[in-house]
Amino acid sequence: MQPRFNIERERHNRLFYKEYENDSCVLQFHSHIELYFVDEGEMEFLVNGHFRVLSAGELSVALSYDSHAYVTPSYSRSSVLIIPVYMCERFIEATKNKKASYPFILDKSAVSRIKECISALKRDGINEIEQLGYIHVILGIVMDCIFFKEGEYVSEPAQSTKLLVYVNENFKNDLSLDTLASEFGYTKAYVSKWFSSCFSVGFSTYLSALRLKNALMLMNEGCYSITECALESGFGSMRNFYRVFKNEFGCTPREYLSRREKENKLEKIERAF
C-alpha cells in the first residue's frame with residue numbers, strides 16, 4: 001500500500017505532544033517533523049524504507065514528507081512530538097533536499113536530553129521565545145545524531161502541502177498531471193518528478209491508491225454495489241478498478257467481500273462463546 005497523506009495532521013498546524021499505550025500507525029506522511037519515542041517495551045518502525053525495532057529510550061525521526069509507520073508487537077508505552085514547519089524553518093532549510101540515511105536515534109543520553117526539553121515545553125506559562133528556543137535545541141540534537149544524504153528534488157513544504165491537499169480533495173474528479181500543472185503553475189514534468197521523488201511511484205499510481213482506499217471504505221459500508229463504489233471513487237472504468245484492486249489485494253472485489261463476510265461471521269461466533 002502506498003503511504004497516505006495525513007491531511008488531518010496537516011490541518012492540526014501547531015506543536016503537538018501526546019503519550020500512548022500500544023500505539024500503531026499505518027504508512028503515512030505529512031509536512032511536519034515527527035519525533036516518536038519508545039518509553040517502555042518495544043515498537044517496530046518503518047521510515048522511508050528503513051526498518052528497526054526500537055526499545056525504551058530510543059526514538060525514530062520522520063522529516064517533512066518522510067513515509068513512516070509503526071506498530072506495537074506486544075506492549076509499549078510511547079510518546080510523540082510533532083513540530084509544524086513554521087516553527088522550525090531554519091531546520092527545514094538546513095535539511096532541504098536531504099534524507100536521513102538512518103532515521104533512528106539509539107543514543108539514550110541524547111534522547112534523554114530531548115525529553116528534558118520537552119518537559120520544559122510542557123511547563124505552564126512558557127513564552128513563545130522560550131518555546132522556540134527549546135525546539136531549536138531539540139532539532140540541534142537531532143542534527144548531531146543523524147547523518148543526512150542528498151535526496152532527489154523536493155519542493156517547498158508549503159507548496160507541497162497545497163498540492164497534496166488539492167489531490168486529496170479532488171481525487172474523485174478527472175485529475176491528471178496536466179490538471180495539476182495548470183492549477184499550480186508548474187510544468188507537467190516538474191509535478192511528475194515531484195511525485196516520483198516523494199513516493200518512488202508515479203502520479204497515476206498514487207492517485208489510484210487514493211481512489212482504491214475510498215472505494216474500499218464504501219464497499220465495507222455495504223450500502224452500494226461494487227460498480228457504484230468504483231465510479232463514486234473516481235475510477236473511470238470498471239476494467240481499471242478491477243486491475244488496481246487485484247494488484248493490491250490479489251483477488252477480485254467480489255472475492256474480497258465474500259472473504260470479509262466469512263471473517264465477520266467467525267468474529268460473531270467467537271464473541272458468542
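Y36 stands opposite S60 in β6. Let's build the picture around that pair.

The model is predicted, so local features need pLDDT of at least 70 and side-chain atom pairs count only at pLDDT 80 or more, while totals for chains, interfaces and linings use all residues. Residues are numbered from 1 along each chain as its sequence is written, and side-chain values use heavy atoms, with hydrogens and water left out.

**Exercise 1.** Find how many helices and strands the protein has, and how much of the protein is buried.

*Solution.* Begin with the secondary structure: there are 11 helices and 11 strands. Helices (H or I, at least four residues) and strands (E, at least two) are DSSP runs, numbered from the N terminus. Next, take burial: 44% of the 273 residues count as buried. Here buried means under 20% relative accessible area, exposed over 50%, and partly exposed in between, with a 1.4 Å probe and protein chains only.

**Exercise 2.** Work out which strands pair with β4, and in which sense.

*Solution.* Two strands pair if DSSP finds at least two bridges between them.

- Step 1: β4 (residues 33-47) runs antiparallel to β8 (residues 76-83), with eight bridges. I33 has I83 as its bridge partner there.
- Step 2: β6 (residues 58-62) is antiparallel to β4 and joined to it by five bridges. The pair Y36 and S60 belongs here.
- Step 3: Six bridges link β4 with β5 (residues 50-55), again antiparallel.
- Step 4: β7 (residues 68-71) pairs with β4 over four bridges in the antiparallel sense. V47 has H68 as its partner in β7.

**Exercise 3.** Describe the turn between β4 and β5.

*Solution.* The two strands form a hairpin, with two residues between them. In the turn, N48 has a positive phi of about 50°.

**Exercise 4.** Is F16 buried or exposed, and what does F16 touch?

*Solution.* First, locate F16: this residue is in strand β2 (residues 16-21). F16 counts as buried because its relative accessibility is 16%. Then look for contacts, meaning heavy atoms within 4.5 Å. Leaving aside neighbours within four places in sequence, F16 is in contact with R9, V80, L81 and I82.

**Exercise 5.** Find what share of the contacts with a separation of 6 or more joins residues 24 or more positions apart.

*Solution.* Such pairs account for 72% of those contacts in the protein.
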